[in-house]
Amino acid sequence: MVHPPPIFDFEGNVLGSFASYFTRPRRPSLAEMQLIKTSANFAALAIQNYNVQNDLKKYAAELERSNNDLKDFAHIASHDLQEPLRKISIFSGRLKSAKSLLNEQHIYDLSRMGSAAQRMQVLIEDLLQLSQVTAKEQPFQKVNLKEIASEVIEDLEARIIETQGRVKQGYLPTVDADPFQMRQLLQNLIGNALKYHKEGLPPAVYLSSQPNESGDWEISVRDNGIGLDEKFSERIFRPLERLHGRSSYEGTGIGLAICKKIVSRHGGKITVKSQPGEGSKFTVTLPKIQTSAS
């Protein structure tokens with residue numbers, strides 16, 4: 001009997017051993033030793049593959065459980081959490097209407113309570129939207145980004161008029177994507193560009209695109225706004241991150257986190273180039289053609 005070295009996995013852990021028996025005592029030939037080693041390697045691959053398959057099944061089960069938990073959260077966020085907030089807003093509004101029975105401090109406190117309830121409701125709705133990026137994803141299809149951008153600009157018309165801003169489009173391509181999520185992406189990016197403008201200077205936003213060396217599309221949203229320090233270029237894509245006080249700019253700090261999640265789902269990336277006071281340029285890199293179904 002000959003005992004070759006143990007069977008190892010890819011990380012060097014011992015999986016077992018391999019032995020060969022002969023009908024009479026003798027030393028194995030070089031060819032037989034090579035066959036034993038080759039058989040041991042095949043056995044290692046088979047065992048490793050079996051273990052990997054088991055791990056994948058466990059991960060798939062855990063992912064399914066997480067998705068179910070996410071759906072439960074979405075239900076809670078859209079119903080159970082928002083209903084108490086609506087009641088707070090309604091009752092605080094009723095109390096404020098009885099001004100003759102309240103002093104200035106009471107009216108001020110009620111106003112703050114109503115504002116806090118409204119902010120909480122917006123935050124819940126934004127968190128719900130973030131959770132639904134994957135929970136409500138649709139199959140990829142051909143999406144004309146120029147048409148989507150035009151519809152988004154039309155939807156933002158009131159804000160554009162209010163800020164006396166302008167939004168211009170260059171060439172935007174057709175890509176394989178989820179059309180609803182592309183609308184979310186552009187609405188958040190254009191909306192932010194309109195919101196974070198310099199005081200006394202109307203916002204100017206320009207959309208453009210170009211192919212890069214890898215053959216992917218780079219879609220850019222450039223503005224003339226307040227800009228930001230690039231040391232925060234990663235932080236701004238985290239949920240609930242804000243670089244400015246709520247009193248200066250409204251919002252919950254979830255919009256860019258939604259953008260990053262959408263872009264990641266499409267196999268792309270999102271980056272920002274900016275300097276304080278010099279505006280910002282957000283660039284979304286997307287594959288021209290998705291190689292697999294969503």
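**Close-up views of a predicted protein chain**

Of the 294 residues in the protein chain, 33% count as buried, where buried means under 20% relative accessible area, exposed means over 50% and partly exposed lies in between (1.4 Å probe, protein chains only). The model is predicted, so that local features need pLDDT of at least 70 and side-chain atom pairs count only at pLDDT 80 or more, while totals for chains, interfaces and linings use all residues. Residues are numbered from 1 along each chain as its sequence is written, and side-chain values use heavy atoms, with hydrogens and water left out.

**View 1. The protein chain as a whole.** The chain contains seven helices and nine strands, these being DSSP runs numbered from the N terminus (helices: H or I, at least four residues; strands: E, at least two). Among contacts (heavy atoms within 4.5 Å) between residues at least 6 apart in sequence, 67% join residues at least 24 apart.

**View 2. Ser 280 in strand β9.** Ser 280 belongs to strand β9, which covers residues 280-286, and it is buried, with a relative accessible area of 8%. Its side chain makes a polar contact with the side chain of Ser 274, at 2.9 Å; a polar contact is a pair of N or O atoms within 3.5 Å, and within protein one must be able to donate a hydrogen and the other to accept it, with residues adjacent in sequence counting only if both atoms are side-chain atoms. Apart from neighbours within four places in sequence, the residues in contact with Ser 280 are Val 221, Arg 222, Asp 223, Gly 227, Leu 228, Val 272, Lys 273 and Ser 274.

View 3. The structure holds one cavity of 30 Å³ or more, and the volume of the largest cavity is about 40 Å³. On a 1 Å grid over the protein atoms alone, a cavity is a set of points where a 1.4 Å probe fits but cannot get out, and lining residues have an atom within 4 Å of a point; grid points are joined across faces, edges and corners, and a volume is the space filled by probe spheres set on the points. The lining is formed by Leu 145, Leu 185, Leu 186, Ile 219, Val 284 and Leu 286, with α6 (179-195) and β9 each supplying at least two residues. These lining residues divide into six nonpolar, no polar and no charged, under a scheme in which Ala, Val, Leu, Ile, Met, Phe, Trp, Tyr, Cys and Pro count as nonpolar, Asp, Glu, Lys and Arg as charged, and the others, Gly among them, as polar.

**View 4. Helix α7 and the loop that holds His 266.** The buried residues of helix α7 (residues 255-265) are Leu 256, Ala 257, Ile 258, Cys 259, Ile 262, Val 263 and Arg 265. His 266 is placed in the loop between α7 and β8 (269-274) and is buried, with a relative accessible area of 0%. Residues touched by His 266, not counting those up to four places away in sequence, include Phe 140, Asp 176, Met 182 and Leu 286. His 266 and Met 182 are 84 residues apart in sequence and 9.8 Å apart in space, C-alpha to C-alpha. Just after α7, Gly 267 has a positive phi of about 70°.

**View 5. Leu 172 between two strands.** Leu 172 lies in the loop between β4 and β5 (174-177), where it is buried, with a relative accessible area of 4%. Ser 209 is 37 residues from Leu 172 in sequence, and their C-alpha atoms are 5.6 Å apart in space. Leaving aside neighbours within four places in sequence, Leu 172 is in contact with residues including Leu 145, Ser 209 and Ile 219.

**View 6. Gln 164 in a loop.** Gln 164 sits in the loop between α5 (157-163) and β4 (166-169) and counts as exposed, at 62% relative accessibility. Although Gln 164 is not a glycine, its phi is positive, at about 60°.

Notes
1 Å grid on protein atoms, 1.4 Å probe; cavity = no way out; pocket = protein on both sides within 12 Å on 5 of 7 lines; lining within 4 Å.
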